[in-house]
Amino acid sequence: MKIALLAPAGAMHRYSGSFGKSLHYAPLTLTTLAALVPEEAEAEIKIYDETAGKIPLDIDADLIGITCITGTAPRCYAFADYYRKRGVTVFMGGVHPSMLPDEAARHADVVFTGFSEQTFPQFIRDYMSGSFKKLYAQNCDFSIANRPLPRRELLNKKRYITINTVEAIRGCCHRCSFCAYPAAFGHPVYKRPVKEVIAEIEALHSRHVLFPDVNLIADRAYAIELFSAMIPLKIMWVGLVTSAVGIDDELITVFRKSGCKGLLIGFESITQESQRYIHKGVNRVDGYIDLMKRLHDNGILVQGCFAFGGDEEDTSVFERTVETVIKAKIDLPRYSILTPFPRTELYAQLEREGRITERNWAMYDVQHCVFKPKKMTKEQLEEGTDLAWRLTYSTGNIMKRLMPMRHSPWLSVPLNLGYKGYADKWHKFTREVMCDNSDIPGVSEN
């Protein structure tokens, strides 16, 4: 049996787009699925990640699996339609199919909803016996324990800044109105046994690890246990948390001792009113500068993420945010536009108010405005976001944020240069570019 696993990418994040190698780490979805294929299938498996290379049109496979987020949905559907016309059985899963399975079913032979660690091996066995179903839903007794190690050897490691991505905890305890994650997968938090995580890290034989988990401190007790167990490993790691880490002395101490060198934190906005609008009460805007100082004092760099477009924000927010970012010395700022993903509370609200203006999912990449803002125009929101990128990543402002470079310049400098390149190209990704999938035969005009 021949299986190909595909991760199509939006125009901005494609291998030919604006994200360079320094901004790409190896995803876990496809390598994990590859590891879950039952041995009795004797499968030949290939992985094609469009952030790292081209997806060929002449794939020789019996089964093609596609992982799909909202911003890549049109491209995923185009690939699925194309391969199905060639007689290949196509299955699809991920965030978007989990939210809109009926839509995905119009383009795939099989749709997976929720997490697929248990249902995917069952599907392969069903396919081998000629009795597979059209829909596989996450099991009630789902767990991420006792999972095989991802098939990292199937990746072209030269195309990523690291392939040492390791999952520890899945899920988040917060209920942000814009977040697609709970809309697709619900609110449970799943934890891998600490011993399994430690064993996987040791098997990497590397001093560098990246945790892509959406919130490493969703369960504080688990975080303390895990990172305490990592201290003897003497590695360096980066991962995602919330700003709540800043009020927890024990957590910060354990992070430092375990080798934490960088954290991604969703600051979202510089106004507390906008935090209330998106239901992210964990953020305290007046504590951002102190938080950054505490993390820097512990040798931890920060990627700070901001989303423009809340109902309380006007056109002054862009330059004010840049000023705050520089003053707080946020090492790697990232800007996006608030995006109402389907099935989220934010989408429902804006739909009720008649403010959704874009129906092509390709534009739902968090870098384009798809709704009518309250205190500015769509054009002002996009132009302001572009301005924030360019101001923040001017050479002078990069130096202001990073100096005196006491901590990990080997990490902060290449990442800033990568985002500088991204900022310089941001304005080139117009709607025409974003919605163009004409490189896939049979695709109609968008």
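Mentor: Two strands are said to pair if DSSP finds at least two bridges between them. In this predicted model, β4 and β5 meet that condition with two bridges, in the parallel sense.

Trainee: Which residue of β5 does Met-92 stand opposite?

Mentor: Met-92 stands opposite Val-111 in β5. On the other pairing of interest, β3 and β4 are joined in the parallel sense over five bridges, and Thr-67 stands opposite Gly-93 in β4. The chain passes from β3 through α2 to β4, a β-α-β crossover that is right-handed.

Trainee: What is the order of the strands in the open sheet?

Mentor: In general, strands of a sheet pair through backbone hydrogen bonds, either parallel or antiparallel. Here six strands form an open sheet in the order β2-β1-β3-β4-β5-β6, with parallel pairing. Because β2 (44-49) and β6 (135-137) stand at the edges with a single partner strand each, one side of each is left without a neighbour in the sheet. From one strand to the next, the twist averages 15 degrees.

Trainee: How many bridges join β5 to β6?

Mentor: Strand β5 (residues 110-113) is joined to β6 by three bridges, and the two run parallel. Thr-113 stands opposite Ala-137 in β6. Helix α1 (residues 29-36) packs on the sheet, where it touches β1 (2-7), β2 and β3 (63-67). The direction of helix α1 makes about 160 degrees with that of β1.

Trainee: Are the residues of strand β4 mostly covered or mostly open?

Mentor: Strand β4 (residues 89-93) is mostly covered, with five of its five residues buried. Thr-89, Phe-91 and Gly-93 lie on one side, Val-90 and Met-92 on the other, and all are buried.

Trainee: Which residues have the most contacts inside the largest nonpolar core?

Mentor: In soluble globular proteins, nonpolar side chains tend to be buried together. The largest nonpolar core has 124 residues, and those with the most contacts inside it are Ile-64, Tyr-83, Phe-211, Phe-227, Trp-237 and Phe-255. Helix α2 (residues 73-85) gives the most to this core, with eight residues. Beyond its neighbours within four places in sequence, Ile-64 is in contact with residues including Leu-6, Tyr-83, Val-90 and Phe-91. A second, separate core of 24 residues includes Leu-36, Ile-47, Phe-123 and Ile-163.

Trainee: How many disulfides does a search of the whole structure find?

Mentor: A disulfide requires two cysteine sulfur atoms within 2.5 Å, and the search finds zero. For Cys-76, the nearest cysteine sulfur, that of Cys-68, is 3.8 Å away. Cys-76 is buried, with a relative accessible area of 0%. The sulfur of Cys-369 is 14 Å from the closest cysteine sulfur, in Cys-435, which is too far for a bond.

Technical notes:
Residues are numbered from 1 along each chain as its sequence is written. This is a predicted model: local features need pLDDT of at least 70, side-chain atom pairs count only at pLDDT 80 or more; totals for chains, interfaces and linings use all residues. Side-chain values use heavy atoms; hydrogens and water are left out. A nonpolar core is a set of buried Ala, Val, Leu, Ile, Met, Phe, Trp, Tyr and Cys residues joined through side-chain atoms within 4.5 Å. Buried means under 20% relative accessible area, exposed over 50%, partly exposed in between (1.4 Å probe, protein chains only). Helices (H or I, at least four residues) and strands (E, at least two) are DSSP runs, numbered from the N terminus. Contact means heavy atoms within 4.5 Å. Axes are lines fitted to C-alpha atoms, for helices over the stretch in contact, and angles run from 0 to 180 degrees between N-to-C directions. A crossover is right-handed if, with the strands pointing away from the viewer, the path from the first strand over the helix to the second runs clockwise.
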